[in-house]
Amino acid sequence: MARTRLLLGIAASAGLVTALAVPAVASTSSPATQSALVAAPVAPSPSYDRATRIQKNLRMALGKKFAGAWVSADGRTVTVASTDADSAAMIRKAGATPKTVARSEAGLASTQSTLNRKARSAARSVSSWYLDAKTNKVVVETRSVAAAKRFVRASGVDAQAVRIVKSNAKPRPLYDIIGGERYFTTQYGCSVAFSVTNGFLTAGHCGPTGEATRGSNQVAQGSFGGSSFPGDDYAWVNTNSQWTPTPKVNKWNGTYETVRGATAAPVGTRVCRSGGTTNTRLWCGTIQQLNATVNYEEGAVHGLIRTNVCADPGDSGGALITETGGQAQGITSGGSGTCSDGQGSGDSTYFQPVTEPLQILAGQGRQLITEGGDPGPGPGYCDSYSTKATTSISSGANQYQPSYTSSASGTHAGCVDGPDGVDFDLYLQKQNASGTWSTVASSTSPGPDEKVSYNGTAGTYRYRVHAYSGSGSYTVGYTKP
């Protein structure tokens, strides 16, 4: 069947008309013993991790007695509150200053939950409420103290557990800008490519300079700051203060691809596309040609990246990124074929390279938003280990690898490689003569990837993976002596 090249954000498409009428809203244990959790050696880490590690370990060790933690203004002192004065020695041993209080973190959370259930009864002048570990109370911020008192009284919570604070704040919702997600103009439904300073890149045919935009949630977003089509097919949207650019591309499985740069890739490179219409997965293929010209009805567009990836109307403007390495490549322009019948040999999609609009924005002092600091481990983080396994875990759960027996002393090395946006921890445990397990090494940084190395004697060992926060698939690897 003959296939027609089309722009993937044009309102004449039946699929896009439907999308405009009904917007697709993108969704922008058995722990170790207390003493082992506190005393087990941890892998070296930057100093800024210290407070996080202390809080994590003591929250697990103290359980229902834990009442919060905070860091002093100079960053040197970590205070941990507990409802049990006898916990002071444990807290000091972990490197923190103890404080005994009346209410546990769980108790304060229960008070907050009650206020949450009664939120509809709060006057608009009551702007927020939150747990404050330092005062051991739930703080209610308000522009009217009288209105806040009425709200607290009507909720039925213990007034002694609440502190009312006068504030002139008027909070408003804030939203993330994420590659691949839907946005709307007055005429079209298109997709975000990549975040830039104070906005995002998208396709030029999605709107002219000055055109207003709304997010997938129909909240006012910004307007086109520049647009070029035909000839080129790029644009950028300048967003308002409610929208925050992020170095993320939606993978449509609950996780995100992290943008780390924009190094142009050669022909044959594996790449993946994310868009607001085909929002069930990333669609991946290879770069077929560079510097292609497409002759649309509206005019020719030059210098495009041609791929064998499928796309559908409404995907226009979406992100093309390398399958590994997080390198932004292009902005979805148009193509032939469809993803509705799966991806096949007849599918081809063209992308405007990001290099030209990024060069223009650089002249304005703006740039691509990428992951800050150390980009962290890339694919194959655990490849060097002799034993590997890949599985998934839910937030708060523990998973144990099969135990193994080492007949000689030596180094036990392990790692876990999790998805971006989660906090997974890794513990190495050794079986005692009584049959119980003790943690002998751990790595508990506030992130998805961990490594441990332990010089141990002969014995039986196992690894425990703990999902401190977040869920997803991960790879665990280890090498025994």
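## What counts as a disulfide here

A disulfide is a pair of cysteine sulfur atoms within 2.5 Å. Count the bonded cysteines along the chain and the pairing reads 1-2, 3-4, 5-6, 7-8.

Before going further, keep in mind that this is a predicted model, where local features need pLDDT of at least 70 and side-chain atom pairs count only at pLDDT 80 or more, while totals for chains, interfaces and linings use all residues. Residues are numbered from 1 along each chain as its sequence is written, and side-chain values use heavy atoms, with hydrogens and water left out.

## Cys190 and Cys206

Let's start with Cys190, which is joined to Cys206 with an S to S distance of 2.0 Å. Which hand does this link have? The torsion about the S-S bond is about -95°, so the disulfide of Cys190 and Cys206 is left-handed.

The two cysteines come from distant parts of the chain, 16 residues apart: Cys190 is in strand 10 (residues 189-191), and Cys206 is in the loop between strand 12 (199-202) and strand 13 (212-215). Helices (H or I, at least four residues) and strands (E, at least two) are DSSP runs, numbered from the N terminus. Cys190 and Cys206 are both buried, meaning under 20% relative accessible area, where exposed is over 50% and partly exposed is in between (1.4 Å probe, protein chains only).

## Cys310 and Cys339

Next up is the disulfide of Cys310 and Cys339, with sulfur atoms 2.0 Å apart. This link is right-handed, with 110° about the S-S bond. Cys310 sits in the loop between strand 20 (299-307) and strand 21 (319-322), and Cys339 in the loop between strand 22 (328-336) and strand 23 (348-353), so the pair ties together parts that are 29 residues apart in sequence.

Are these cysteines buried or exposed? Cys310 is buried, at 0% relative accessibility, and Cys339 is buried too, with a relative accessible area of 7%.

## Cys382 and Cys415

In the disulfide of Cys382 and Cys415, the sulfur atoms are 1.9 Å apart. Cys382 lies in the loop between helix 7 (355-362) and strand 24 (387-393), while Cys415 belongs to strand 27 (residues 410-417), 33 residues apart. Cys382 and Cys415 are both buried.

## How confident is the model?

The chain's mean pLDDT (the predictor's confidence in each residue, from 0 to 100) is 87, and 88% of its residues reach 70 or more. Over residues 10-48, though, pLDDT stays under 50.

Conventions:
Contact = heavy atoms within 4.5 Å.
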